Amino acid sequence: MLKKIFETKNCEQPVPKQLIESNINPQFIPQHIALIMDGNGRWAKEQGKPRTYGHYAGAERLKEIVRIADNIGVKALSAYAFSTENWKRPASEVNFIMKLLDRYLTNEIDTFQKNNVCVRFMGSRDGLPKNVQEKMDNAVQKTKDNTGIILNLAINYGGQTEILEAVKRIAAEVKNGLLSIDEINLNCFESHLYTKDLPPLDLLIRTGGDRRISNFMLWQIAYAEIWNTEIYWPDFSSEFFLQAIRDFQKRDRRFGGLNTK
Ligand code: IPE
Ligand code: IPE
Ligand code: MG
């Protein structure tokens, strides 16, 4: 319902308290935010706990961030849950993450429904356990008509694979005479990516201190603003999320042009 507030110019409803207190302008909320939720393992290790405990705490944290993002009017949140490279980790850790995904997608469905959250996925199905794939299908099916925030979970996702898959599909369409080479432009290419129905990416947040992209949304980050923090993902509270948005609102996004501020 807050999204409606932002869409209506002469609204009578008050601007959410969280936004006033955080000094955030409701007119310039990033539409699409990507999260590289990193630092779960280090967070756990610092407390003398197994890495898996960090993943558990990280999944809990995501629930809070989805809620606040929806409350302030973000339209889409793309969250990196498992990369195509994360299979390199010990089987015990990978298995734990898969179990966690299964549980998250089972337990959160009612909350998604209650909060009008539409769940989507990006990544490759290959190699994912059957039960996880079933829960993914179920989540998409159950929430497909929800009109609130889109929670786009990146599972077995790699930006390079996403681009390769798009290239292969475009090549097949050309080969079958459905597309001519002249028709391959930016819009056409984007319509073959996992993110085809999502708004352009405005802001990429990486927690955990590393300053790299780790194969996330390589195409989509072209003009996204980047916000890094040393904070480990399980410690990334709503206050930090609002801090990132406040900082985003100070940026001068020139898109190759001249100053807009
Ligand atoms: C991110 O946290 C979660 C996944 C990659 C699944 P990490 O597990 O990478 O935590 P660190 O970076 O080792 O602390
Ligand atoms: C990126 O974190 C992947 C996820 C957050 C799911 P990683 O921990 O896998 O990235 P690297 O290995 O530090 O680049
Ligand atoms: Mg990491």
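So, which residue has a backbone N or O atom 2.9 Å from an oxygen atom of ligand 1? That's Gly41.

Quick housekeeping. This is a predicted model, where local features need pLDDT of at least 70 and side-chain atom pairs count only at pLDDT 80 or more, while totals for chains, interfaces and linings use all residues. Residues are numbered from 1 along each chain as its sequence is written, chains are lettered from A and ligands numbered from 1 in the order written, and side-chain values use heavy atoms, with hydrogens and water left out.

Back to ligand 1. A backbone N or O atom of Asn40 is 3.1 Å from one of its oxygen atoms, and a polar side-chain atom of Arg89 is 2.7 Å from an oxygen of ligand 1. Taken alone, ligand 1 exposes 380 Å², and the protein buries 87% of that (accessible areas are Shrake-Rupley with a 1.4 Å probe). Its shell has 13 residues, counting any with a heavy atom within 4 Å. They split into 3 nonpolar, 5 polar and 5 charged; Gly goes with the polar ones, and Asp, Glu, Lys and Arg are the charged ones.

Now ligand 2. Asp38 puts a polar side-chain atom 3.2 Å from an oxygen atom of ligand 2. For Asn86, the side-chain N or O distance to a ligand 2 oxygen is 2.9 Å, and for Ser214 that distance is 2.6 Å. On its own, ligand 2 exposes 390 Å², of which the protein buries 78%. The shell around ligand 2 has 5 nonpolar, 2 polar and 4 charged residues.

Terms used
Polar contact = N/O pair within 3.5 Å; in protein donor to acceptor, adjacent residues only side chain to side chain.
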